[in-house]
There are 2 protein chains.
Amino acid sequence: MQELEPDRIVRLEEAGPRVVLLDQRRLPDEEVDLVCTNVAEVAEAIRTLAVRGAPAIGIAAAYGLALAALRGDDLAEAERVLAASRPTAVNLFWALDQMRADPTSERARALHREEVDRCRRMSAHAAELFTPGTRALTHCNAGGLATGGYGSAVGALRAAFERGLLASVLVDETRPLLQGARLTAWELETVGIPHAVIADSAAASMMARGDVDLIVTGADRIAANGDTANKIGTYSLAVLAQHHGIPLYIVAPSSTVDLATATGADIPIEEREGAEISTRFAARNPAFDVTPAALIAAIVTEVGVHRPPYAESLAPARTFA
Amino acid sequence: MQELEPDRIVRLEEAGPRVVLLDQRRLPDEEVDLVCTNVAEVAEAIRTLAVRGAPAIGIAAAYGLALAALRGDDLAEAERVLAASRPTAVNLFWALDQMRADPTSERARALHREEVDRCRRMSAHAAELFTPGTRALTHCNAGGLATGGYGSAVGALRAAFERGLLASVLVDETRPLLQGARLTAWELETVGIPHAVIADSAAASMMARGDVDLIVTGADRIAANGDTANKIGTYSLAVLAQHHGIPLYIVAPSSTVDLATATGADIPIEEREGAEISTRFAARNPAFDVTPAALIAAIVTEVGVHRPPYAESLAPARTFA
């Protein structure tokens, strides 16, 4: 298998014009492109998780706005449609903000390149948190698919593995949509990192057995005080990690840090359709949860390793406030 | 839908002779009987989870031994085959022990009746732990399907609901085999108890929101000191419950109490095939975990509500030692 190139994950083609996405809903069984010829289709791709992961959502939205500009569409309306696609990841709003003054394909591509470059830098910082033989656990997919290339939490695992510091990874399957079992396992296989998928509910048991040295995840929004919204189940891991004396690290680009949001209580949490959980019985399906800063050992961005108190240490990562 | 009668869940028919099981793997989509005409087929039904739940496994094994006796098979060999089907639930070994001196269909039916009767008594005791408006959370299926009728943890929910003490139930879907989403939701629908299925990893978030007043589960084996083996994920819930100040109650018949096993460290934990988690990537699949007694607010058997220290309070529930 080949390493995923950033423009394989999402790209803009002026001829068309169109935004082309690797459809993440069909991975790992099929590698199929989804072609979006207008902003409504890009927003639908975001809403239905053909493209997902906070940074990748931002990148797709940037390309979406550039697509609207190429088509001569109303840009304010295009921005409104894209902003309404998903509520939790701040990168979406950050990217639209970045594009407003210069909604060109060049600007969108630069934003994409910068985001992948941030991943490589934050991953190098995060690798410093690993020691030889580290057995890590991760949740959901904070890989190249989620960030437009290289990955944040998966990037940290890659950087640690390249330095000989990572022994193996336990991958939470991440219900209901199995981003861990489908996407993270696929990415780890690609780069040759030993891994095993587990049921989300088995993580506590693995910690109690002494099989987990650290936990690393991405983020969808980090509030000014360090409270972090991420895939449902991250908060569960954080509480379990504290109980077992295991550090939980968040790895995310500064585009995920939202200093305009004071605390996690101010982060809107997307409730998705119950049918993702059960098509037969009533269900509740919050897509994200909020992990209090007190349960996070460190937050890593491209700026460096931020330690508590986050109200002070995150200030240099300010990108959207 | 009709309340499940005990002989619909598992029964012995002398004409044949055969053991007939409601195939729990196909619920709730289809209600299909699985017919076993020899002990190997009964053991296979237990191994492949056509019948599951610690007390129901014991009952099926008892019928299996009676089937062997009716057929004139070697009973020592029949017992060996049944005992090798699954390792964690002590009820299996307890039931074989109970049947050894009198391997008749009458004895097996009496054992089945007694187990359902225990469920009704423990459920009445457990209902005392509920207060008006209680919102409960449960994991896996400790319902009539798991006990041969009425249920243990689900029995407690039923008894509390009948007394006007239960408002609603959050049902962990219970990966990988979805016993909660398939079986518990189905049973709660049958008896009209309001419920919603959640991803296992969402339980912590529901606790943090204040939406869970207590947690109630069954058990597969309870050691003399109160350490309890149950479906993978129960230990996770127990740690999360402690963090949020929510009581976790275990409801199980005395046939699940194993005073010959000193602590949870001595309980064999079944590792099932990774393919239940992922058919594409490597996986680890422990089917059970052990919750330390210190995280359990009370254990309820047909004898009553047992409080810590369990080494003393469980002694009257001695049935297999």
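Which residues does Leu177(A) touch, not counting residues up to four places away in sequence? The contacts are Leu49(A), Arg182(A) and Glu276(A). The model is predicted, and what follows should be read as such.

Leu177(A) is placed in the loop between E5 and H9 of chain A. With a relative accessible area of 26%, Leu177(A) is partly exposed, because buried means under 20% and exposed over 50%. From Leu177(A) to Leu137(A) the distance is 18 Å, C-alpha to C-alpha, and the two are 40 residues apart in sequence.

Leu177(A) is also one of the residues that line the largest pocket, which has a volume of about 220 Å³. By class, seven of the lining residues are charged, three are polar and two are nonpolar.

## Relation of the two chains

The same surface serves both copies, since 100% of the contact residues of chain B recur in chain A.

## Strand E10 of chain A

Strand E10 of chain A spans residues 248–251. Leu248(A) and Ile250(A) point one way from the strand, Tyr249(A) and Val251(A) point the other way, and all are buried.

E10(A) pairs with strand E7 (residues 214–217) of chain A in the parallel sense, over three bridges. Within this pairing, Leu248(A) is the bridge partner of Ile215(A). E10(A) also runs parallel to strand E13 (residues 298–301) of chain A, to which three bridges join it. In E13(A), Val300(A) stands opposite Val251(A).

## Helix H8 of chain A

Helix H8 of chain A covers residues 153–162 and is mostly covered, with eight of its ten residues buried. The buried residues are Ala153(A), Val154(A), Gly155(A), Ala156(A), Leu157(A), Arg158(A), Ala159(A) and Ala160(A).

What do the buried residues of H8(A) pack against? Their partners in chain A are helices H6 (105–127) and H9 (179–191), together with strands E4 (134–138), E5 (166–172), E7 and E10. After H8(A) comes Gly164(A), which has a positive phi, near 75 degrees.

Val39(B) belongs to helix H2 (residues 39–47) of chain B. Is Val39(B) buried or exposed? Its relative accessible area is 6%, so Val39(B) counts as buried. Leaving out residues up to four places away in sequence, Val39(B) touches Gly64(B), Leu67(B), Ala68(B), Ala78(B), Val81(B) and Leu82(B). Glu13(B) is 26 residues from Val39(B) in sequence and 14 Å from it in space, C-alpha to C-alpha.

Glu79(B) is found in helix H4 (residues 75–83) of chain B. Its relative accessibility is 17%, and Glu79(B) therefore counts as buried, the cut-off being under 20%. Glu79(B) has contacts with Leu65(B), Leu96(B) and Arg100(B), again not counting residues up to four places away in sequence.

Note on methods
Residues numbered from 1 in each chain as written. Chains lettered and ligands numbered in written order. Predicted model: local features only at pLDDT ≥ 70, side-chain atom pairs only at ≥ 80, totals over all residues. Heavy atoms only, no water. Contact = heavy atoms within 4.5 Å. 1 Å grid on protein atoms, 1.4 Å probe; cavity = no way out; pocket = protein on both sides within 12 Å on 5 of 7 lines; lining within 4 Å. Points joined across faces, edges and corners; volume = space filled by probe spheres on them. Nonpolar A, V, L, I, M, F, W, Y, C, P; charged D, E, K, R; others polar. Helix = DSSP H or I, 4+ residues; strand = E, 2+ residues; numbered from the N terminus. Buried < 20%, exposed > 50% of the residue type's maximum accessible area, 1.4 Å probe, protein only. Pairing = 2+ DSSP bridges.
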